[in-house]
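Work through the exercises below with the structure in view. Try each task before you read its solution.

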Amino acid sequence: MSRKIVIEINFNNFGINPDRLSRQWLENRIGIFRGLTLRSLKKQTNQNFLTVLKLAGGCTEIVEEILRNQEPLPPHIRFGTSLECKQMMEEYVQGARELYVARIDSDDLYHESFVQQLHDYRPRPETAVLVNCYGYLWDITAGHMAEDYHRSPQFYTFIYPVAEFLAGYRVKIPGRGTHGNVIELPHEIFPRRNYVNVIHASNSSAKKIRSKELLTPQEIQQVLSQFMTPQ
């Protein structure tokens, strides 16, 4: 195929949490990933993609041991160090013309059609990133969900010519280089609600539902049925 899709997850390779190399943290976080994001990945109507979960150095053996005692992951969903993930991606894109690198955190969700949308999309030639501004916020603890809009959220997809990616080119986010600056790149915005940003007790950053217009329990279940496989 001329286009390959990679979903990139920074699992614990950034130093946000000082406990991120401990067994307890890893076991808890892998459990959260399995209960949320993995179910979203399995729900995708098009399974023609690679997911890489980037690990910090020094914890690979612990992660491998934890995973050995659990249901095996699908072969296209893999943990590895940043270098290993780079090598996986480079191998995966061989023979393709375009690479779309979508990012998500290990506790959030994409709509079941998201990968298919990426395969079908025809961006303008100058577009560097596709941005999902519309989605939902879901507070698991309180049992609340609301529609969400964010001008420049953490749910976006970089577009690369494969030859440039293999040569080492990476899109550089302007300004401070944060998610909030992604919208400053040449971009296009997906019109549909493609993400669920999940609030739970172990969030590394503070999140809260801003809207007062909450979905009913029935509406929440309807939304989740489009984002996750059943338990």
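**Exercise 1. Which residue in β11 is the bridge partner of Leu109?**

Step 1. The partner of Leu109 is Val196 in β11. Helices and strands here are DSSP runs, numbered from the N terminus (helices: H or I, at least four residues; strands: E, at least two).

Step 2. The model is predicted: local features need pLDDT of at least 70, side-chain atom pairs count only at pLDDT 80 or more, and totals for chains, interfaces and linings use all residues. Residues are numbered from 1 along each chain as its sequence is written, and side-chain values use heavy atoms, with hydrogens and water left out.

Step 3. Strands β5 and β11 run antiparallel and are joined by two bridges. Two strands pair if DSSP finds at least two bridges between them.

**Exercise 2. Find the order of the strands in the open sheet that holds β11.**

Step 1. The order is β5-β11-β7-β8, with mixed pairing.

Step 2. Take β7 and β11. They pair in the parallel sense over five bridges. Asp139 has Ile199 of β11 as its bridge partner.

Step 3. Move on to β7 (residues 134-139) and β8. Six bridges link them in the antiparallel sense.

Step 4. β5 (109-110) and β8 (144-149) each pair on one side only.

**Exercise 3. How many of the five residues of β11 are buried?**

Step 1. Buried means under 20% relative accessible area, exposed over 50%, and partly exposed in between (1.4 Å probe, protein chains only).

Step 2. Five of the five residues in β11 (residues 195-199) are buried, so the strand is largely enclosed by the rest of the structure.

Step 3. Recall a rule: in a regular strand the side chains alternate between the two faces of the sheet. In β11, Tyr195, Asn197 and Ile199 lie on one side. Val196 and Val198 lie on the other. Both faces are covered.

**Exercise 4. Which residues of α3 are buried, and why do they lie on the same side?**

Step 1. The buried residues of α3 are Val63, Ile66 and Leu67.

Step 2. They share a side of α3 because they cover an arc of only 95 degrees around the axis. The arc is that of the directions from the helix axis to the C-beta atoms.

Step 3. Look at the face turned away from the buried side. It carries the exposed residues Glu61 and Arg68.

Step 4. The cover over the buried residues of α3 includes α1 (23-35), β2 and β3.

**Exercise 5. How many helices and strands does the protein have?**

Step 1. The protein has seven helices and eleven strands.

Step 2. Its C-alpha atoms fill a box of roughly 45 × 40 × 35 Å, taken along the principal axes.

Step 3. Of the 231 residues, 52% count as buried.

How values were computed
Contact = heavy atoms within 4.5 Å.
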